[in-house]
Structures are given as structure tokens and as C-alpha cells.
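Here is a friendly note to read alongside the structure. Please keep the sequence and the 3D view open as you go through the points.

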Amino acid sequence: AGAAPSLLGGALTCDICLSNYEDPLVAPCGHAACAACARAALAARPLCWSCAAPTAPESLVPCLPLQKV
């Protein structure tokens, strides 16, 4: 289990701040980010921070699997 984070590479890090997820949220397109990062990105423009799909702030939902990591 100790090697798992290295095997996952950047899969456990926020696409915006590049740190470990903090209170992760997921957009309808499936991309995840820290809650604060996602909300700040969508306040600047209502598009997904990774793929630019239209994303409303109210469409974000908690990413339960990432919250358990």
C-alpha cells in the first residue's frame, strides 16, 4: 500500500494547484479539482479547467472516492 501513490503518479493531485486534493469536487465532464481551486476557476470563466467544457459552479459534486484517499 505504501507504493500506491508513486504508482498513481499525478492521479491524486489537483489539475489546478498540482497539490494533493483538498475537498475534491468533480465537474460533469469528469475532471476533478480541489473545491477552492474549482470554484475560483469557474468564477473566472464557466468552463472546465482541464477540457474547457461548459461547467456551471452549481454542477460540481463531491468526488467521494478521492475524499477517501
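1. In which loop does leucine 18 lie? Leucine 18 sits in the loop between helix 1 and strand 1. Helices (H or I, at least four residues) and strands (E, at least two) are DSSP runs, numbered from the N terminus. Leucine 18 has a positive phi of about 65°, although it is not a glycine. With 63% relative accessibility, leucine 18 counts as exposed; buried stands for under 20% relative accessible area, exposed for over 50%, and partly exposed for what lies in between (1.4 Å probe, protein chains only).

2. Before going further, a word on how to read this. The model is predicted, so local features need pLDDT of at least 70 and side-chain atom pairs count only at pLDDT 80 or more, while totals for chains, interfaces and linings use all residues. Residues are numbered from 1 along each chain as its sequence is written, and side-chain values use heavy atoms, with hydrogens and water left out.

3. How confident is the predictor? pLDDT is its confidence in each residue, from 0 to 100. The protein has a mean pLDDT of 87, and 84% of its residues reach 70 or more. Among the elements, helix 2 has the highest mean pLDDT (97), and helix 1 (residues 4-8) has the lowest (52). Where pLDDT is low, the predicted coordinates should not be read in detail.

4. Now the overall plan. The protein contains 3 helices and 3 strands, and along the sequence they follow the pattern α-β-β-α-β-α. Of its 69 residues, 30% count as buried. Among contacts (heavy atoms within 4.5 Å) with a separation of 6 or more, 31% are between residues 24 or more positions apart.

5. Two strands pair if DSSP finds at least two bridges between them; strand 1 and strand 2 have 3 bridges, in the antiparallel sense. Valine 26 stands opposite alanine 32 in strand 2.

6. What does the largest nonpolar core contain? A nonpolar core is a set of buried Ala, Val, Leu, Ile, Met, Phe, Trp, Tyr and Cys residues joined through side-chain atoms within 4.5 Å. The largest one has 18 residues, of which Cys14, Tyr21, Ala33, Ala38, Trp49, Leu60 and Leu66 touch the most other members. Strand 1 (24-26), strand 2 (32-34) and helix 2 (35-44) are the elements that give two or more residues to this core. Helix 2 gives the most, with 4 residues. In soluble globular proteins, nonpolar side chains tend to be buried together.

7. Leaving aside neighbours within four places in sequence, alanine 33 is in contact with Cys14, Ile16, Tyr21, Asp23, Pro24, Leu25, Ala38 and Trp49. Leucine 60 is found in the loop between helix 2 and strand 3 and is buried, at 11% relative accessibility.

8. Is threonine 55 buried or exposed? Threonine 55 is buried, because its relative accessible area is 3%. Threonine 55 lies in the loop between helix 2 and strand 3, and a polar atom of its side chain is 3.3 Å from the backbone nitrogen of cysteine 48. Apart from neighbours within four places in sequence, threonine 55 has contacts that include Ala27, Pro28, Leu42 and Leu60.

9. Leucine 64 lies in helix 3 (residues 64-67) and is exposed, with a relative accessible area of 52%.

Terms used
pLDDT is the predictor's confidence in each residue, from 0 to 100. A polar contact is a pair of N or O atoms within 3.5 Å; within protein, one must be able to donate a hydrogen and the other to accept it, and residues adjacent in sequence count only if both atoms are side-chain atoms.
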